[in-house]
Amino acid sequence: MKRIVMSLLLTALAGAWAAMGRDVTLRATGRPAEEVFALLMKQAGCNFSYDTSLLRGRRVTVDVDGAPLEDALKQMFEGTSIGWVVKGNTVVLKRRKVAPEPRQAVVDGYVTERSTGEPLIGALVRIEGAAASSNSTGHYSLHVKRGRRVVTASYPGFIAVTDTIEIGGNMKVDFKLDELSEGSRQLGEVTVEADRRNYIAMHSADIGRLNLTRSDILSTPAMFGESDVIKTLQMQPGVMSGVEGLASMYVHGGSNDENLYMLDNVPLYQVNHFGGLFSAFNTEAIKNVDFYKSSFPARYNGRLSSIMAVNTRDGDASGHHGQFRLGLTSGALSISGPLLGRSTTYSLAVRRSWFEAISVPALAIYNSTRTDDNNTTIGRYSFMDINAKINHNFNERSRLHLMFYYGDDYLKYGDNHSYYSPSGIPRENRSSDISRLRWGNTVVSSGWRMQWSPLLWSEVTASYSHYSSMLRNDRRERLIYDEEMFDSERSRRYRFDNRISDWGLRADFGLSAAAGHELTFGASYTIHHFEPGSERTVLADADSLVADRSITRRVNATEGSAYAGYRLDLSEGLRIEAGLNGGWFSSGSHTRGHLDPRVAARLKIDDLTSVKLSYTRSSQYVVQLAQSSLALPTDQWIPVSGGLKPRKADKISAGVYRRLPKGFIVSAEIYYKWMHNLVEYRDDYYVLPPTVDLATQLCTGSGRARGLDLMLTRSFGRVTGHVAYSLMWSDRLFKDKNHGERFPSKFDNRHKINIMLSWKINDKWDIGAAWTGMSGNRFTVSLQDYELLDVPGLPSTGTPNFSGTLDAVTGINNYRLPFYHRLDLSANRLTAHGKWSFSLYNAYCNMNVVAIKKIHPDNIYQPYGRGSASG
């Protein structure tokens, strides 16, 4: 028996020695694994045993020369799921047991300001490769691997916090950040500013997205020292300002009414003070702004060009605090604090102009020094806005807010005239012509935010908003024949009203089921009441009513929408975001619908470079009928009804983003946009009777826009800022305009350059400069006139003069104004009690041309509106 056992053992050892000691020589590159393995076994004289599915489709590379068989097997299968073992003279292949990946855990929490308890929106939280930004309640959620991890939380203007934590399972980690003191401000801003821009550029799939904080807005030089969020956005590539100095936006070839302005989730229609000189957003009340100009998230719709979502500031839970600002044109006061303990807070911001303090005395002096004592000029303007907000925290995951906004503008202008004739009849003529214009917004909303779990949140918002504008003109004339009797008195009263009221309800949800997977969905319903352009004219004399004519236009509509968006991280470098926004709009007997897809993708080439691509379709059911380039409150908002169809836009965008040394980020974005069902006035609308239906005065067409946006940004160091350049084309095509031929849009500005720099000299002084240069706006000019002497249907004037001629327009927007450029400067001085701000608008007083005027009868076009240079 012992002899048999010894024989078997020696045989096995000999076989093993033969298998492991046999040398092989083979060179193969990318050859099928089955062929290479068979050649090796043949050279080694071994048998083999394996499941054929292990090697099917696999290719290997081997390079051995007189090496042991073991070395060749290592080259073939090292780093793969295939293992091998030698049993006697047989080599057995088998599948390795792969160690399971470490289980993931959910880390969530809140990022707040330590001193006030106010949530920080858009704060960036990183845990070793994974990153997330906090939402409107300051909540963040991350899926990360278990183990010992480094976590960092940062926010612009606050000291970043870094810690090491042991993640053994789902856990909650809150961050309370301290605001940067003046002594540490430079270092802090270096870190967090770079993180925020890096996160949007390198991690997000959004193209053309910008996130602004209150400090970003305050750092932009502005006219009259009034910091303004829209003026800040005008410094971005692809965003045109329209007419100089006005707070309007024309984004990527779109119109001014194609921008959606949202205040705490509630849309606004008119967002301008003083005809557009200032926007209705008080910087003192702003916490955070998200701006989208290319790819839109699935939750937003209703406009074609851009989305601007403004979040207002919450209250200060630590105590009552306030500040005030006194500027050249207005003053502002803001206060906040706890209302019922730390769980309930309030914030209030009020801004009021003080033009009357200058204009009323100035007009009084002017009227007192006039040589014509019987004439008096009347003028007054004022604006104000109020932002109020109450927040109540039921617990750390449930909170309720009430928001109120009121904005009001009032303008009064005109003159009183009196003429005395001692020998004439009548002996005295007294007349007055006074106009009043008032417009504004009122918004009331309530929102409930609930964090049901670390993975699921919801927000429900109910709102009421009202916009109205009123133009009133009163003319009176009295003819006096003697000292006691008014022989004749005539009056004309005219009133024009434009109103919109909306009742809205919307619900938004977010679900983060696993790492790299996020679902957002929601729905909204709105009841609209439109009253576009109701008019009334009353003519009367001293004793009786002569005429009373009124035109009232009212349209009621309902609107509903639903959306779903999904984010998928296929790998660390590839992210895809897809969404669908659908809904309907019903007005009278007409119902229109939309189904708008959106998709965006981001590919990280390496840690420094990202490439993005997106497609967005959007729809718009309301139209603002503008009769000029100014943002006038009398411009009418109308819904699509009758033969009108909803405006639509399809937009393709692509971008490349690169992080450079020393904090620089460079980006290049291209886009092409098709616009359909655009609405404008017909060329001859002004000669139609006022009783004609509004739809008869309008026509529909299409448009195109394309361009390139380049930007170089530096976010840290004593000198920060950006350089931006835009190359743009924009045109329109209407069957009933310009003889049916394509024509450039009014703001088809081919080139636009923005340079904005800020230099922090020390802890007390910082200075800034912003230079803007762009191709001039388009203008329609007529090179010839028609005399109206023999035109059928029109009375003969007898003499060819300006009132008896008609412009012969051969092309719309056929003339471009000269190149526009200006330099704005600012300086800020920090003191122990506050801050002094100085600004200089158009520092080198360039005489920019904003319009042209035609001089008759020579048909000479001269600059009109020069003198726009101001300091």
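Tutor: The answer below begins with the chain as a whole, turns to the salt bridges, and ends with some other local features.

The model is a predicted one. Its chain has 871 residues, of which 48% count as buried. The secondary structure comprises seven helices and 53 strands. Of the contacts between residues at least 6 apart in sequence, 64% join residues at least 24 apart. The chain exposes about 41100 Å², and carbon and sulfur atoms supply 58% of that area.

Side chains of opposite charge can pair when their charged atoms come close. The structure holds 41 salt bridges. One of them joins Arg438 to Asp408, with an N to O distance of 3.2 Å. Asp408, by contrast, is buried, with a relative accessible area of 10%.

A second salt bridge is formed by Arg148 and Glu166, whose closest N and O atoms are 3.8 Å apart. Here too the pair links distant parts of the chain: Arg148 is in strand E10 (residues 147-154) and Glu166 in strand E11 (residues 161-167), 18 residues apart. Both Arg148 and Glu166 are exposed.

Lys172 and Asp174 form another salt bridge, and the closest N and O atoms of this pair are 2.4 Å apart. Lys172 is partly exposed at 32% relative accessibility, and Asp174 is partly exposed at 40%.

Salt bridges also link several residues into a network, whose members are Asp264, Lys287, Asp314, Lys389 and Arg399.

Lys145 lies in strand E9 (residues 139-145) and is partly exposed, with a relative accessible area of 39%. Its C-alpha is 4.3 Å from that of Gln104, although Lys145 and Gln104 are 41 residues apart in sequence.

The surface also carries a nonpolar patch, formed by Val719, Leu757, Trp759, Ile761, Trp765, Ile767, Trp836 and Phe838, with about 760 Å² of accessible area together. Strand E44 (751-760), strand E45 (765-774) and strand E51 (835-840) each give two or more residues to the patch. Val719 is in strand E42 (residues 719-734) and is partly exposed, at 39% relative accessible area.

Helix H2 (residues 33-44) has twelve residues and reaches 16 Å from its first C-alpha to its last. Its buried residues include Ala33, Val36, Phe37, Leu40, Met41 and Ala44. These cover an arc of only 130 degrees around the axis, and therefore lie on the same side of H2. Gly45 follows H2 and has a positive phi, near 70 degrees. In helix H3 (residues 69-77), the buried residues are Leu69, Ala72, Leu73, Met76 and Phe77. They fall within an arc of 110 degrees seen down the axis of H3, so they line one face of the helix.

Asn677 has a phi near 60 degrees and lies in strand E40 (residues 664-681). Asn813 has a phi near 55 degrees and lies in the loop between strand E48 (805-808) and strand E49 (815-816). Asn677 is partly exposed at 25% relative accessibility, whereas Asn813 is buried at 9%.

Technical notes. Residues numbered from 1 in each chain as written. Predicted model: local features only at pLDDT ≥ 70, side-chain atom pairs only at ≥ 80, totals over all residues. Heavy atoms only, no water. Helix = DSSP H or I, 4+ residues; strand = E, 2+ residues; numbered from the N terminus. Buried < 20%, exposed > 50% of the residue type's maximum accessible area, 1.4 Å probe, protein only. Contact = heavy atoms within 4.5 Å. Areas by Shrake-Rupley, 256 points an atom, 1.4 Å probe, with all protein chains shown as cover. Patch = residues over 30% accessible without salt bridge, like charges linked within 9 Å, V, L, I, M, F, W, Y side chains within 5 Å. Salt bridge = Lys/Arg side-chain N within 4 Å of Asp/Glu carboxyl O. Expected span 1.5 Å × (residues − 1). Arc of directions from axis to C-beta.
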